[in-house]
Amino acid sequence: MIYDRIALIGLGLIAGSIGLRVRADGLAGEVVGTARSAATRDTALSRGLCDRVTATAAEAVQDADLVILCVPVGAMSAVAAEIGPHLKPGATVTDVGSVKRAVIDAVGPHLGDDVHFIPAHPLAGTEHSGPEAGFPELFENRWFLLTPQSEDTAAIDRLTRLWQALGANVDAMEADHHDLVVAVTSHAPHLIAYTMVGVADDLRRVTDSEVIKYSAGGFRDFTRIAASDPVMWRDVFLNNKDATLEILGRFTEELFALQRAIRTGDGDMLHEYFTRTRAIRRGIIEAGQDTAAADFGRGAPK
Ligand code: NAP
């Protein structure tokens, strides 16, 4: 057992996957959960995501030695304000939000000096959401990134042990660097998928149902990614604005270069470009990051 009591705030895909694995492997004495709606809390309890649910986050954190914030990034500040006065002295507060700098700014000011705050992000997920979506193997062989705010060695080591027990590989990095890395690997690709599906939807009005009927692998993958939760992704883009815009700017430049190569019939440029990108794909497979569920959707590169 690593913690006596873990409180999960939010009971969707990520919290559910944590709760199921923690309970199955006896990593905590008790898992207490809370979510906004009674329907979510009932489903979470019946699926065994937690031992007990409470109606409010303030009640859920009572006597918890670890509190994990598993709500959309835009909801973190209000949740932190609610739990701040009710945290046990010496407790660790962490989160799983896809953006780190904005979460640090939103949560930090609500926590007292006697609490360890360790912001974090598991690079694992699917396009499914809600209390039915979690499964205990979600974090197996995925990365879990910590963005610690202090040299809190004992608290960081304990949280690291928990995530390793959940199956993840743990690494630490600076928050702004994290936000840039995930803008490249996850956030911009999601926006591009949303855009491509939007374009096809416009086109469908011209070609009737052909876009769906003959949808080939590439487009099907985009539709799966573009089925991801709208609230979560709205909050990601609103809260990782600078890094996403930086990557999208670079993306647009590259797109124009490829567009020009197609227009001018520059086959050498296209061949060279695609050879380079193919090598990146091989690197991902060699790193073992292609098989399990990824932040970009199950079985797909993130
Ligand atoms: P999810 O399945 O949609 O679950 C979100 C949970 O938060 C639900 O239990 C929901 O309760 C609760 N909630 C929503 N808005 C709230 C509010 N304003 N106040 C209090 N509770 C609220 O989400 P998820 O996919 O687990 O994502 C949770 C966090 O993990 C997000 O910060 C996301 O950025 C991060 N993350 C997601 C992925 C992914 O691929 N999905 C990967 C890595 C990290 P109700 O059901 O009652 O509304």
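This is a predicted model: local features need pLDDT of at least 70, side-chain atom pairs count only at pLDDT 80 or more; totals for chains, interfaces and linings use all residues.
Two or more lining residues come from each of helix H1 (13–24), helix H4 (76–83), strand S7 (120–122) and helix H10 (230–239). Of these, H10 contributes the most, with five residues. By class, the lining has 23 nonpolar, 18 polar and seven charged residues. Both domain 1 (3–173) and domain 2 (177–297) supply at least three residues to this lining.

I turn now to the charged pairs. The structure contains 12 salt bridges, and I shall discuss some of them.

Arg21 is buried, at 13% relative accessible area, whereas Asp25 is partly exposed, at 41%.

Arg101 pairs with Glu174, with 3.1 Å between the closest N and O atoms. Because Arg101 lies in helix H5 (residues 101–107) and Glu174 in the loop between strand S9 (169–172) and helix H7 (175–207), this pair ties together parts that are 73 residues apart in sequence. Arg101 is partly exposed, with a relative accessible area of 27%, and Glu174 is also partly exposed, at 43%.

Within helix H11 (residues 241–264), Glu246 and Arg250 lie four residues apart, about one turn of the helix. Their side chains meet in a salt bridge of 2.7 Å, N to O. Glu246 is partly exposed, at 37% relative accessibility, while Arg250 is exposed, at 51%.

Finally, a network of salt bridges links Arg5, Glu30 and Arg52.

Definitions and conventions: Residues are numbered from 1 along each chain as its sequence is written. Side-chain values use heavy atoms; hydrogens and water are left out. Ala, Val, Leu, Ile, Met, Phe, Trp, Tyr, Cys and Pro count as nonpolar, Asp, Glu, Lys and Arg as charged, and the others, Gly among them, as polar. Domain bounds come from an automatic or database domain assignment. A salt bridge is a side-chain nitrogen of Lys or Arg within 4 Å of a carboxyl oxygen of Asp or Glu. Buried means under 20% relative accessible area, exposed over 50%, partly exposed in between (1.4 Å probe, protein chains only).
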